Amino acid sequence: MPSFHSLRHINLVSLRLCLAYSTCAIASSIYIGNSSKGPKKYYSLCCNTETPIFRIFNVPAIIATAFGNDPIPEIQATLAPPVKGKMFKALCVCYSIVTLNFFSVAIFGYWALGSKANGLILSNFLDDGKPLVPKWFVLMKNSFTILQLFAVGMPTNEVLERTFADPKKGEFSAQNVIPRLIPRSLCLITATTIAAMLPFFGDINAVIGVFGFMPLGLVLPVVFFNLAIKPSKRSLVFWFNATVDVDFSTLGVITAVAAVRQIVLDAKTHQLFTNI
């Protein structure tokens with residue numbers, strides 16, 4: 001890519017792939033929900049009374065991870081005009097698409113699969129290794145997912161190349177081809193190995209959300225606003241920000257306990273490289 005700005009083409013492909021496999025997930029859920037295939041559905045809470053409470057506090061962290069993938073437009077939406085207006089519109093479009101995708105998949109998935117659904121929705125469309133939807137449909141969904149993962153990895157590749165490559169050399173010179181090949185391969189191998197070692201995907205998302213996205217997206221912005229803009233301590237804005245800060249800081253502490261607890265429980269019931 002000639003520049004970081006050129007990644008917009010990759011982002012457009014990524015967006016279309018995201019819409020495609022989300023649509024496939026919804027269609028699969030409707031198909032399974034209207035058929036007699038699949039395991040018996042349960043909609044009630046399971047386990048002891050303690051576990052559901054901790055799982056409830058796991059949810060905000062997972063949501064923070066899901067909706068916290070827009071830092072660049074969110075930061076740029078606070079800049080001076082005319083960038084602010086354009087980026088705020090982009091931010092609204094971004095969150096609208098994310099909200100539509102995630103909530104649609106969650107609602108139809110829960111209706112079709114019940115409360116015992118696996119955190120990774122694509123794995124729910126197989127029952128004892130047998131597809132609950134046509135095989136070609138499963139292959140198509142997985143293909144969309146794999147291609148989208150390649151697309152979202154492009155910004156990481158850009159950072160790696162900026163670090164290891166030499167812009168003064170030719171694009172296909174050894175000084176650029178070798179650093180491009182080795183760091184990308186190592187990054188992909190490392191990520192794949194970790195993903196295979198730790199099969200509890202949803203709970204890993206909760207840990208990432210509580211230690212990464214919740215402070216970055218819900219706590220620090222209001223703190224920085226009060227420090228930088230310095231609204232009057234008698235103003236509604238100051239106390240609203242202070243309330244948001246205290247509430248989400250408290251929620252973050254509780255959620256951190258719930259997320260770490262769930263990881264510990266997962267580690268007791270899953271061995272490394274468990275095939276779920």
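Figure 1. A search of the whole structure finds zero disulfides, a disulfide being a pair of cysteine sulfur atoms within 2.5 Å. This is a predicted model: local features need pLDDT of at least 70, side-chain atom pairs count only at pLDDT 80 or more, and totals for chains, interfaces and linings use all residues. Residues are numbered from 1 along each chain as its sequence is written, and side-chain values use heavy atoms, with hydrogens and water left out. Cysteine 92 is partly exposed, at 34% relative accessible area. Cysteine 24 counts as buried, at 7% relative accessibility. The classes are buried (under 20% relative accessible area), exposed (over 50%) and partly exposed (in between), using a 1.4 Å probe and protein chains only.

**Figure 2. The whole chain.** The protein chain has nine helices and two strands. These are DSSP runs numbered from the N terminus: helices are H or I with at least four residues, strands are E with at least two. From the N terminus on, the order is α-α-α-α-β-β-α-α-α-α-α. Of the 276 residues, 28% count as buried. Among contacts with a separation of 6 or more, 70% come from residues 24 or more positions apart; contact means heavy atoms within 4.5 Å.

Figure 3. The unreviewed UniProt entry carries the annotation "transmembrane region" for residues 12–32, 90–113 and 207–229. UniProt positions are given in the numbering used here, feature names are shortened, and annotations may be inferred rather than shown by experiment. Residues 12–32 are 100% helix and 0% strand, with end C-alpha atoms 30 Å apart. Residues 207–229 are 96% helix and 0% strand, and their end C-alpha atoms are 32 Å apart.

Figure 4. H1 has 27 residues and reaches 38 Å from its first C-alpha to its last, close to the 39 Å expected at 1.5 Å a residue. The expected span is 1.5 Å times one less than the number of residues. Buried residues of H1 include Leu7, Leu17, Cys24, Ala25 and Ile32. The largest nonpolar core has 13 residues. Such a core is a set of buried Ala, Val, Leu, Ile, Met, Phe, Trp, Tyr and Cys residues joined through side-chain atoms within 4.5 Å. The residues with the most contacts inside the core are Ala25, Ile32, Val105, Leu113, Phe125, Val133 and Phe137. Helix H1 (7–33), helix H4 (83–113) and helix H5 (135–152) each give two or more residues to this core. The largest share, four residues, comes from H1. A second, separate core of seven residues includes Ala64, Met214, Ala256 and Ala259.

**Figure 5. Two aromatic pairs.** The structure holds two aromatic pairs. Rings of Phe, Tyr and Trp (its six-membered ring) pair if their centres lie within 6.5 Å; planes under 30 degrees apart count as stacked, over 60 as edge-to-face and the rest as tilted. Tryptophan 136 and phenylalanine 137 pair edge-to-face, 5.4 Å centre to centre with 85° between the planes. Tryptophan 136 is exposed at 57% relative accessibility, whereas phenylalanine 137 is buried at 15% relative accessible area. Phenylalanine 238 and tryptophan 239 are also edge-to-face: 5.3 Å centre to centre, 90° between the planes. Phenylalanine 238 is buried at 15% relative accessibility. Leaving aside neighbours within four places in sequence, phenylalanine 137 is in contact with Cys24, Ala27 and Ser28.

Figure 6. Phenylalanine 164 lies in helix H6 (residues 154–164). Phenylalanine 164 is partly exposed, with a relative accessible area of 48%. Not counting residues up to four places away in sequence, phenylalanine 164 touches Gln175, Pro179 and Pro183. Its C-alpha is 7.7 Å from that of arginine 180, 16 residues apart along the chain. Helix H7 (residues 174–197) has 24 residues and reaches 34 Å from first C-alpha to last, close to the 34 Å expected at 1.5 Å a residue. Asn176, Pro179 and Pro183 of H7 are buried.

**Figure 7. Aspartate 203.** Aspartate 203 sits in helix H8 (residues 201–228). Is aspartate 203 buried or exposed? At 11% relative accessibility, aspartate 203 counts as buried. Beyond neighbours within four places in sequence, aspartate 203 is in contact with Asn58, Gln262, Ile263 and Asp266.
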